[in-house]
Amino acid sequence: VSRRSVVVIHDLAALRHPEWYSTQFATYHRRVLPLLARRARRLITPSEFSRREVAEGLGVDPNDVAVVPNGVDERFSPSADSEPVRRAYGLERPYVLLVGTRIARKNLGALSTARSRLDGLGVELVSAGSGRHWTRSDAAQPPARALGYVPDRHLPGLYAGAAALAMPSLYEGFGLPVLEAMASGVPVVAADRAALPETSGGAALLVEPDSGDALARELERVVTDQALSAKLVKAGLERASQFSWDRAAVATDAVIAEVVDEWA
């Protein structure tokens, strides 16, 4: 890696929690990330949480780490048509959505109680996302109807048709599904861990992710309390509007320009 390089490091999940990953994947990151960080002129992370993680975990000056938040694609909107997706996946009932790979850090097993309570309300819990070869094979299977890998073209409608998004992750460097759901006009219940409070910006219900009862209770509230749901939808749309890929591109370009100017 050139010493004039700018390197993006999303998070240090593989270093902080190697038990979530295959031995090969965790070992690779443990060896490569410190080398990349030391040689790079600037580092970029998507959140202040990850900035602190990278500075502490890789031993770099925090001043050399810039925060450039992810963006939200304009395709995610309350007006996205959910009917084709409902037909394609047989989504006949209202549903609470999970988005993400089946990996231990997503903490999907904590939603067992929530699934039981939602079933009693006539609401289905569904998950979109597949397993990955670099994760451990002993991660808990989601207590939800697994849709498997969902093509990108179906995601806007899948989000827009949901009654809520559940994000009980134990570790996220940013948590993009939170903002994609908010941009889709969907209320969010998320864990109060890692970067999720920062990303949600007060527009989600935050829950202790180790408590299955708390997760179930808040999801139940969201799908039954129309006033609460409407409040979260309004706050979420406002929050999501602050993030775009154009803004992310401009901020990234500014970091690169600083490096170029220093070497000019």
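This is a predicted model: local features need pLDDT of at least 70, side-chain atom pairs count only at pLDDT 80 or more; totals for chains, interfaces and linings use all residues.
**Stop 1: R42**

Select R42, which is found in strand β2, residues 42-45. Is R42 buried or exposed? With a relative accessibility of 13%, R42 counts as buried, because the cut-off for that class is under 20%.

Now show what surrounds R42. Leaving aside residues up to four places away in sequence, R42 touches S5, V6, V7, D64, V255, E258, V259 and E262. Keep E262 selected from that list. The side chains of R42 and E262 are joined by a polar contact of 2.4 Å, and the pair also counts as a salt bridge, at 2.4 Å from N to O. R42 lies in strand β2 and E262 in helix α11, so this pair ties together parts that are 220 residues apart in sequence. E262 has a relative accessibility of 38% and counts as partly exposed.

Together with R42 and E262, they are linked in a network of salt bridges.

**Stop 2: two further salt bridges**

How many salt bridges does a search of the whole structure find? The search finds 19.

Select R16 and E53. These residues form a salt bridge in which the closest N and O atoms are 3.1 Å apart. R16 sits in helix α1 (residues 13-16) and E53 in helix α3 (residues 48-58), so the pair links distant parts of the chain, 37 residues apart. R16 counts as partly exposed, with 33% relative accessibility. E53, at 12%, counts as buried.

Next select R145 and E124, whose side chains meet in a salt bridge of 2.6 Å, N to O. R145 belongs to strand β6 (residues 145-148) and E124 to strand β5 (residues 124-128), so the pair ties together parts 21 residues apart in sequence. R145 has 27% relative accessibility and counts as partly exposed. E124, at 11%, counts as buried.

**Stop 3: the cavity**

The structure holds one cavity of 30 Å³ or more. The largest cavity contains about 50 Å³ of space. Which residues line the largest cavity? Select L98, V99, G100, K106, L108, A166, M167, P168 and S169 to display the lining. Two strands, β4 (95-99) and β7 (164-167), each supply at least two residues of this lining. Colour the selection by class: six residues of the lining are nonpolar, two are polar and one is charged.

**Stop 4: the second largest pocket**

Move on to the second largest pocket, where about 200 Å³ of space lies. To show the lining, select V72, D73, E74, F76, A183, L237, A240, S241, F243, S244, W245 and D246. Which elements each supply at least two residues of this lining? They are α10 (226-240) and α11 (245-263). Helix α11 is also where E262 of the first stop lies.

R42 is buried, with a relative accessible area of 13%, whereas E262 counts as partly exposed.

Notes: Residues are numbered from 1 along each chain as its sequence is written. Side-chain values use heavy atoms; hydrogens and water are left out. On a 1 Å grid over the protein atoms alone, a cavity is a set of points where a 1.4 Å probe fits but cannot get out, and a pocket is an open set with protein on both sides within 12 Å along at least five of seven lines; lining residues have an atom within 4 Å of a point. Grid points are joined across faces, edges and corners, and a volume is the space filled by probe spheres set on the points. Helices (H or I, at least four residues) and strands (E, at least two) are DSSP runs, numbered from the N terminus. Ala, Val, Leu, Ile, Met, Phe, Trp, Tyr, Cys and Pro count as nonpolar, Asp, Glu, Lys and Arg as charged, and the others, Gly among them, as polar. Buried means under 20% relative accessible area, exposed over 50%, partly exposed in between (1.4 Å probe, protein chains only). A polar contact is a pair of N or O atoms within 3.5 Å; within protein, one must be able to donate a hydrogen and the other to accept it, and residues adjacent in sequence count only if both atoms are side-chain atoms. Contact means heavy atoms within 4.5 Å. A salt bridge is a side-chain nitrogen of Lys or Arg within 4 Å of a carboxyl oxygen of Asp or Glu.
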